[in-house]
Amino acid sequence: MDIIKELKKHNVLGRSGSCFPAHLKWQQVKSAKAAKKYIICNGSEGELKSFKDEYILENYSEYVVEGIKQALKAIPNSSAFIYLKKDYYKKFKKRLKKHIKSSPIKLVKKRGGYLGGEETVICEVLEDRRPEPRIKPPYPSYYGAFGLPTLVNNVETFYVAGKIAKKEYENEKFFSVSGDVKNKGVFKLDKCSTVKQILKQTDNYPVFDFFVQSGGGAMGEILLPRELNKQVEGIGCVVVFDKEKTDPFKLMKEWTFFFLQGNCDKCTPCREGIYRIDEMINKNNLDKKTLDDIYFVLEKTSFCPLGKNAYKPFKTLIKKVIK
Amino acid sequence: MKVQITINNKKYKVDEGKTILEVCEENGIDIPALCHHPDLDIKASCRLCLVQIKGVKELVTACSERVCKGYNILTESAEITKARKINLELLFSQHKEECFDCVWNYNCELLRLAKKYKKYKVKINRFEDRKAKYPVYRFGNVIEFDSSKCIDCRNCVEMCSKQGVGFLEIKEKGSLFQVVPSAKKNIDCIYCGQCINHCPAGAFETVDEFENIEKPLLPACRQAGKKNKVVVAQFAPAIRTSIGEEFGLAGGKVVLGQLVAALRKVGFNKVFDTSVGADFTTTSEALEVVERIKQNKNLPVLTSCCPAWVKYVEQRYPKYIKNISTTKSPQTILGALIKTYWAQKEKINPKNIYVVSIMPCTAKKFEIERPQLKVQGMKSVDYVLTTREFARLLMRRKINFAKLKPEKPDAVFGNPSGAGVIYGATGGVMESAFRTAYEKLTGKTLKNVDFKKVRGMQGIKEAEVKVGGKVRKIAVINGLGNAKKFLNEKKRKIKQYTCIEVMACPGGCIGGGGQPIPTSNDIRVKRADSLYSLDKAKKVRKAHENPIVKKVYKDYFSNNEKIAHQVLHTSYNKKPKGPVVKL
């Protein structure tokens, strides 16, 4: 089986949140001219309220490892790393090793905060440097770990590759559902599911007035009940908030805490912008002009996707819920 | 390869692969760039050099984006201005302004941009200074780091690590990273001052940078009950081609005569040239090399003129302490000669002489405190002002440097050989020493004195020279980080070298931590080239042929062996970490 062709046929998009076509990345690394290449399976899941990678490693690690083995096969002269959050490393080390057997796949512990999971940061970590993002281009597919072509994909992307290899793939995607719901957990549903479908199918559609954060638990946008016919993007988080019980300032405080801890403080808009949003929230004094300015530079001028997307939850919550 | 691109609707043919910033700089198009420094890696962290490329949705940073064929670039637009303005305000929000005493002297990029975007109402105090309570650190008696001015570009951290020192670190405190001095016991500042030259926000300065610049002249003034001292200035080789930059003159312009005039004008009683001290250093060091070759002992000889390098060896590579030349650096030899030979000649009580050095170097402030450098119980140099500090003193006194009528230094120690002048550039010490050592070893006259293999800005320069029928290997190391690489390279056999010159700062003293800012390789090349042209114009180009060197060796050193040793030689020892004080 030509796995790259299969990935293309099934239109598999990377499951880390950025939705880059998987077959393109695999092909880029395969075609890159180098004596040695690397494959990184990214299990550093760090977004708030996202636990789908943990769920997959818990229940389907066999498929994940199979997917990596497919990549090893498709890309000559390659070896692989599974880059894991510290607790995942501890929890799944044995299980993964059982499936890895003698394949050239090494387990590596994550360093740094949330951003430690960004693809170029992982390359820096493998080279034992400060966990900070690199300037792109060059992309890891051409210049990754140790300067060699490197395929970085999410745990779930490798799961999909493994499923395809075993001819068991059914266009599924994993969604983490949490917040004010009855049935919290990770659900395997059709990849095109809308927020509404997910809530209905998991028997979680609220009967009270609510709003939803869709995408990621920190970076996802806020949606009102009338906006739920949208597909869930990013890493597939759906968080439900009971409007009456939720203190939006407390919620934003959770986000700023996450961003301040998780960012790398490298670029001005992300380091200083989020600091100032946090300051305004703490003083309970939201200045619209200042907020707009900070959203603008975050989106337009941040160094990496963390900063570029960090404005979304604040902007949508303040606009739709706080008003 | 040249490609055609469009910038602001005008077509340009440019080198493919250069960054947009480089291309714009070459074509006189202004792009703000704060974290960018030509000596350092591209970091793209300040987010001010934003530009638009047609067809690309996001703004891109000009410092990191390389030009491709057909790029259609806009460097100014409403969106770009808005983004730059807000990011500039955010940068100012972490920077405590103290413009009246800043090494940038109102010439910093932050202020320039605030002015440039004035009509867009940039508010430099839009946000409260978040670092107002951040500490000031003092490294030894040399460098001060005011972390409340730091804008987190991390140029200093990178430069410190490039120097092989790694004393400045990034540490997470709470949720924010801060630049802090290392707490590690074996990692110490070597006082090279490169952090000062590479900080765009003026967060680094010397301890004396502002408040103390008048201090060295006080001994010249009559104080209650005290007699005036004779205050003697000496100036380093590297300064004659750099200090003009502080007064708007071109980089590398030779301003020897104005410099001397300025020193007299501010009140120094005598003005001597440290390059003459360098001639003594060369002569002594060459004799030392000859002696060590004869005894085949403690080779290679490591040069000793750079105090930052010497401190580095004492702390990080104590096994090489025995290899450092025991000959003192030019400023300390000349200081010692002033307080012994000259004092005796002029019949002045040496205790009434106050020697001030004008140096391109911050570590020289540390060097003069070394107890091993005392001569007859006295400090050989009493005070060091850097090039910048001296320039600031002139500005305060409203002296129009460029218009000063050139003067000559005072006789006795006023006329160096060409060899003494090139000390200021990387390779200069080696070239000078070679000119002398060759003749001392072979007894023959060296006809071609130019030793071009050791010149230039490469990090590690090596050469083989045939001296008296034997091929000798020498190495010149430009920048302390390269020295670390050189010494740590497993394959390299250090013992095969006869001499190794190391200068801690890029380009040698001309790129020193006390020199005018901004600095870049281009500027350093100009400063060095001018030194070589001065050398070329000299009649006497070998240190040992300088008449004053001959005279002092013959009339003074030969019958005062003990004093000769005290004037010329010093010793080294393993050192603990110096003090780091939080103010």
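## Domains of chain B

Chain B is divided into domain 1 (2–76) and domain 2 (215–568), with bounds that come from an automatic or database domain assignment. The centres of the two domains, taken over C-alpha atoms, are separated by 41 Å.

## Basis of the model

This is a predicted model, in which local features need pLDDT of at least 70 and side-chain atom pairs count only at pLDDT 80 or more, while totals for chains, interfaces and linings use all residues. Residues are numbered from 1 along each chain as its sequence is written, and chains are lettered from A and ligands numbered from 1 in the order in which they are written.

## Chain A overall

Chain A contains eleven helices and nine strands; helices (H or I, at least four residues) and strands (E, at least two) are DSSP runs, numbered from the N terminus. The C-alpha trace of chain A spans about 55 × 45 × 35 Å along its principal axes. For 323 residues, a compact globule would have a radius of gyration near 20 Å, and the 20 Å of chain A agrees with this. The radius is taken over C-alpha atoms, and the globule rule is 2.2 Å times the number of residues to the power 0.38.

Of the 323 residues of chain A, 51% count as buried, that is, 20 or more other C-beta atoms, placed from the backbone, lie within 10 Å of the residue's own. Among the contacts in chain A with a separation of 6 or more, 66% join residues 24 or more positions apart; a contact requires C-beta atoms, placed from the backbone, within 7 Å.

## Four-stranded sheet in chain B

An open sheet in chain B has four antiparallel strands in the order β10-β7-β6-β19. Two strands pair if DSSP finds at least two bridges between them. β10 (204–206) and β19 (580–582) of chain B are the edge strands, each with a single partner, so one side of each lacks a neighbour in the sheet. From one strand to the next the twist averages 20 degrees, with axes fitted as lines to C-alpha atoms and angles running from 0 to 180 degrees between N-to-C directions.

Strand β6 (residues 136–139) of chain B pairs with β19(B) over three bridges in the antiparallel sense. R138(B) is opposite V581(B) of β19(B).

Strand β3 (residues 50–53) of chain B pairs with strand β4 (residues 60–61) of chain B in the antiparallel sense over two bridges, and L50(B) is opposite T61(B) in β4(B). β3(B) and β4(B) make a hairpin with six residues between them, and G55(B) in the turn has a positive phi of about 95 degrees.

β3(B) also pairs with strand β5 (residues 72–74) of chain B, antiparallel and over two bridges. I53(B) has I73(B) as its bridge partner in β5(B).

Key:
Buried ≥ 20, exposed ≤ 12 C-beta atoms within 10 Å, placed from the backbone. Contact = placed C-beta atoms within 7 Å.
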